[in-house]
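User: Hi! I would like a close look at one part of this model, the sheet and what surrounds it. Could you take me through it step by step?

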Amino acid sequence: DFEIEFVEKTGQDMASTISNVRTNQKTARLLKQSQQQSEELASKEEQMRQTIEEMNASQEEAASQYQQVSSLVDAVHQIAMVAEFDPNGHIIDINENYLRLLGVNRKQMIGRKQGSFEKDLNKAENDNMWRKLRQGTTITKIQKIETGFKTVTLSETYVPIKDISGKVVKVFNLATDI
């Protein structure tokens with residue numbers, strides 16, 4: 001009985017030891033896996049931090065460029081006559097210099113077709129010009145317009161503005177009185 005009890009006790013101890021070894025091995029493997037995952041997360045966190053820093057720098061640069069472009073546009077609006085047209089030639093915006101020259105207000109001009117003030121408008125040439133503008137061609141021309149009791153001669157440049165896909169979404173017109 002004593003020997004049987006000894007063998008059973010020894011067997012239990014060995015089973016317990018084997019179980020502890022397996023548990024320790026599994027724990028060590030899980031700890032190693034956890035450390036690797038922790039290192040990967042730390043690496044990804046560092047990459048994200050760098051990406052955020054780069055994005056912030058890009059955003060600051062974009063804001064600076066936007067401010068410069070905005071200042072340039074403001075300067076152009078101060079010294080020239082500027083109008084924006086939809087791709088079919090209807091006015092969608094016009095600056096104060098143009099309105100003063102024409103002796104009208106903004107409400108009277110928005111939606112009006114380009115050329116409606118032009119003296120001696122050649123409809124076929126005008127239609128051809130707008131076809132070329134819709135295709136993306138920049139056009140410069142001399143135009144005579146009637147303003148009240150006088151005729152004004154303008155040098156005008158029409159620049160198609162395209163969206164990201166290359167489609168003309170509007171036409172920018174910059175004019176000077178010559």
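To begin with, in which sense do S1 and S2 pair, and over how many bridges?

Analyst: Happy to! Please keep in mind that this is a predicted model. S1 and S2 pair in the antiparallel sense, over three bridges. Within that pairing, Glu-84 has Asp-93 in S2 as its bridge partner. The two strands form a hairpin with five residues between them, and in the turn Gly-89 has a positive phi of about 95°.

Five strands make up an open sheet, and their order is S2-S1-S5-S4-S3, with antiparallel pairing. Strand S2 (91-94) lies at one edge and strand S3 (139-147) at the other, each pairing on one side only. From one strand to the next, the twist averages 30°.

Further along the order, strand S4 (residues 150-162) and strand S5 (residues 168-177) are joined in the antiparallel sense by nine bridges.

The chain has four helices and five strands, and along the sequence they follow the pattern α-β-β-α-α-α-β-β-β. The radius of gyration is 38 Å, well over the 16 Å that the globule rule gives for 178 residues, so the protein chain is more spread out than a compact globule. Its C-alpha trace spans about 130 × 30 × 25 Å along the principal axes.

Buried residues account for 21% of its 178 residues. The accessible surface comes to about 13,100 Å², and 54% of that belongs to carbon and sulfur atoms. If we take contacts between residues at least 6 apart in sequence, 40% of them join residues at least 24 apart.

Finally, a word on confidence. The mean pLDDT of the protein chain is 92, with 98% of its residues at 70 or more.

Conventions:
Residues numbered from 1 in each chain as written. Predicted model: local features only at pLDDT ≥ 70, side-chain atom pairs only at ≥ 80, totals over all residues. Heavy atoms only, no water. Pairing = 2+ DSSP bridges. Axes fitted to C-alpha atoms, helices over the stretch in contact; angles between N-to-C directions. Rg over C-alpha atoms; globule rule 2.2 N^0.38 Å. Buried < 20%, exposed > 50% of the residue type's maximum accessible area, 1.4 Å probe, protein only. Contact = heavy atoms within 4.5 Å. Areas by Shrake-Rupley, 256 points an atom, 1.4 Å probe, with all protein chains shown as cover. pLDDT = per-residue confidence, 0-100.
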